[in-house]
Amino acid sequence: MKAMAAALAVCTSFIGVSVVLAQSQTSDKPPVGAAPKYDPAIYAELQKAPEKARKRGNPLQNDPDAVAAGGILFEQHCAECHGDGARGGKGPSLRAAEVQGAAPGAIFWILTNGVVRKGMPVWSKLPEPQRWQLVRYIKSLGGPAPTAESSAPKP
Ligand code: HEC
């Protein structure tokens, strides 16, 4: 009987922790002055991009105007949630290693499909070149432009 009670106690404390975690993820108002969110769970969606989508190269990879164009689109459509310069706000920072290390095709896939149940809208209404411009802009925030090697999908 004691063992039963102990097991029950472990279970309930576990449930407590999950509830707290769930709540911290759904709250859309981060505390004032909070550091950008770096919770890896937020970015798990990028890992779900199918192989084929992930492998797609950015057709605008060498377009010199794509980053600036993407920056303007970002201001118009994304900054309200992801913050100025994608540093995070209502939505997560896009400067996190999980995003910067993701294949361009994976980010494009997220823009095309959204993560609707978690508040990230679908952007398929933006023409494909604009989505690729946004990918270039996001990738430009994390240091030097990706080489063919670093943008290849991770094993
Ligand atoms: C209405 C608010 C909102 C807008 C507008 C918005 N996003 Fe998001 N975005 C989110 C939220 C919330 C998440 C986190 C989703 C999750 O937990 O997986 C997210 C996640 C992402 C991610 C990471 C994917 C992941 O794994 O979650 C990328 C990349 C992204 N957004 C890009 C953009 C771009 C580019 C735009 C503009 C075209 C944009 N977002 C507009 C709310 C928004």
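I take a residue as buried if 20 or more other C-beta atoms lie within 10 Å of its own. The model is predicted. With that cut-off I get 26% of the 155 residues of the protein as buried.

**Overall layout**

I looked up the secondary structure next. I find 7 helices and 0 strands. Read from the N terminus, the order is α-α-α-α-α-α-α. I then checked how far apart in sequence the contacts reach. Of the contacts between residues at least 6 apart, 72% join residues at least 24 apart.

**The nonpolar core**

Which residues have the most contacts inside the largest nonpolar core? I list Val99, Ala106, Ile107, Phe108, Leu134, Val135 and Ile138, in a core of 24 residues. Helix 3 (66-77), helix 6 (104-113) and helix 7 (128-140) supply at least two core residues each. Helix 6 gives the most, with 6 residues. I note the general rule beside this: nonpolar side chains in soluble globular proteins tend to be buried together.

Leaving out residues up to four places away in sequence, Val135 touches Asn58, Pro104, Ile107 and Phe108.

**Helix 6**

I turned to helix 6 itself. It is mostly covered, with 8 of its 10 residues buried. I name the buried ones as Pro104, Gly105, Ala106, Ile107, Phe108, Trp109, Ile110 and Leu111. What covers them? I find helix 2 (51-55), helix 5 (97-100) and helix 7 among the covering parts. After helix 6 comes Gly114, and its phi is positive, near 65°.

**Helix 3**

I checked the length of helix 3 first. Its 12 residues should span 16 Å at 1.5 Å a residue, and the end C-alpha atoms are 16 Å apart, so the two agree. Then I looked for its buried residues. They include Ala66, Gly70, Gly71 and Phe74. These cover an arc of only 135° around the axis, which puts them on the same side of helix 3. Among the parts covering the buried residues of helix 3, I find helix 4 and helix 7.

I picked Pro129, which is found in helix 7. Is Pro129 buried or partly exposed? I count it as partly exposed, because it has 13 C-beta neighbours inside 10 Å. I also took its C-alpha distance to Gly70, which comes to 9.7 Å. Pro129 and Gly70 are 59 residues apart along the chain.

Ser140 lies in helix 7 as well. I get 18 other C-beta atoms within 10 Å of Ser140, so this residue is partly exposed. Buried would need 20 or more. The C-alpha atoms of Ser140 and Gly70 are separated by 9.8 Å. Along the chain, Ser140 and Gly70 are 70 residues apart.

**The ligand shell**

Last, I looked around the ligand. How many residues surround the ligand, and which are the closest? I find 24, and the closest are Glu45, Cys78, Cys81, Gly91 and Met120. Helix 4 (79-82) and helix 6 are the elements that give two or more residues to this shell. I sorted the shell by class: 16 nonpolar, 4 polar and 4 charged residues.

Terms used:
Residues numbered from 1 in each chain as written. Predicted model: local features only at pLDDT ≥ 70, side-chain atom pairs only at ≥ 80, totals over all residues. Helix = DSSP H or I, 4+ residues; strand = E, 2+ residues; numbered from the N terminus. Buried ≥ 20, exposed ≤ 12 C-beta atoms within 10 Å, placed from the backbone. Contact = placed C-beta atoms within 7 Å. Core = buried A, V, L, I, M, F, W, Y, C linked by C-beta atoms within 7 Å. Near = placed C-beta within 6 Å. Nonpolar A, V, L, I, M, F, W, Y, C, P; charged D, E, K, R; others polar. Expected span 1.5 Å × (residues − 1). Arc of directions from axis to C-beta.
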